[in-house]
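The following exercises concern a predicted model. Each task is followed by a solution in steps.

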Amino acid sequence: MKSAVYCIAKTVEQAEKIVLDLKQAGCPADDISVLLPDRRGSKDFAHEHNTKAPEGATAGGVAGLGVGAALGWLMGIGALAIPGVGPFIAAGPIMAALGGAAVGTAAGGIVGALVGLGIPEFEAKRYDAKIREGNILISVHTEDSKQRSVVEDIFKANNADDISTRHEASV
């Protein structure tokens with residue numbers, strides 16, 4: 001049964017270690033989503049604008065987002081502004097959900113995107129509050145109970161908070 005496993009990481013370093021462990025365990029990049037507040041200051045923007053384009057465009061762009069190679073490995077990483085919420089960095093399937101599903105929902109923003117991904121609204125609101133406080137949401141789509149256990153073990157081994165699993169409706 002397909003499921004999504006979620007957790008909260010407190011730091012970018014903790015999130016990167018989790019993503020690296022997921023990658024080493026064989027989780028495909030397009031099954032991993034990461035959402036974090038974009039805390040770039042003017043110092044980081046100066047660094048980003050001084051990168052050597054085009055050879056350094058990808059590395060510089062990812063470094064400019066304040067994330068390292070582990071998060072840069074994920075698909076579709078980018079910065080986006082959520083009206084009324086602020087700037088965020090997102091990667092993976094959550095990027096599409098934030099771009100589309102969140103716009104038309106009553107809840108809107110992060111809560112709407114998370115509900116659109118199948119998270120109950122009360123839980124989505126809790127994750128939203130944690131992300132706004134500067135924490136990082138990580139989710140992994142899993143194909144079976146064995147993969148789900150591997151992901152849960154990685155989250156636990158890295159001291160992630162708020163670990164939960166949601167079964168996905170089959171299409």
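**Exercise 1.** Determine which residues have the most contacts inside the largest nonpolar core, and which elements give two or more residues to this core.

*Solution.* Step 1: the largest nonpolar core has 19 residues, and those with the most contacts inside it are Ile18, Leu22, Ile138 and Phe155. Step 2: two or more residues each come from strand 1 (3-9), helix 1 (12-24), strand 2 (32-37), strand 5 (136-142) and helix 9. Step 3: with 4 residues, helix 1 gives the most to this core. Step 4: another core lies apart from it and has 15 residues, including Tyr6, Ala90, Ala124 and Leu137.

**Exercise 2.** List the residues in contact with Phe155, leaving aside its neighbours within four places in sequence.

*Solution.* Step 1: Phe155 is in contact with Val5, Tyr6, Cys7, Ile18, Leu22, Ile138, Val140, Ala160 and Ile163. Step 2: one of these partners, Cys7, is buried, because its relative accessibility of 0% is under 20%.

**Exercise 3.** Classify Asn159 and Asp162, which have a positive phi although neither is a glycine, as buried, partly exposed or exposed.

*Solution.* Step 1: Asn159 has a phi of about 55° and is placed in the loop between helix 9 (145-157) and strand 6 (161-167). Step 2: its relative accessible area is 60%, over the 50% limit, so Asn159 is exposed. Step 3: Asp162 has a phi of about 50° and is placed in strand 6.

Note on methods:
Residues are numbered from 1 along each chain as its sequence is written. This is a predicted model: local features need pLDDT of at least 70, side-chain atom pairs count only at pLDDT 80 or more; totals for chains, interfaces and linings use all residues. Side-chain values use heavy atoms; hydrogens and water are left out. Buried means under 20% relative accessible area, exposed over 50%, partly exposed in between (1.4 Å probe, protein chains only). A nonpolar core is a set of buried Ala, Val, Leu, Ile, Met, Phe, Trp, Tyr and Cys residues joined through side-chain atoms within 4.5 Å. Contact means heavy atoms within 4.5 Å.
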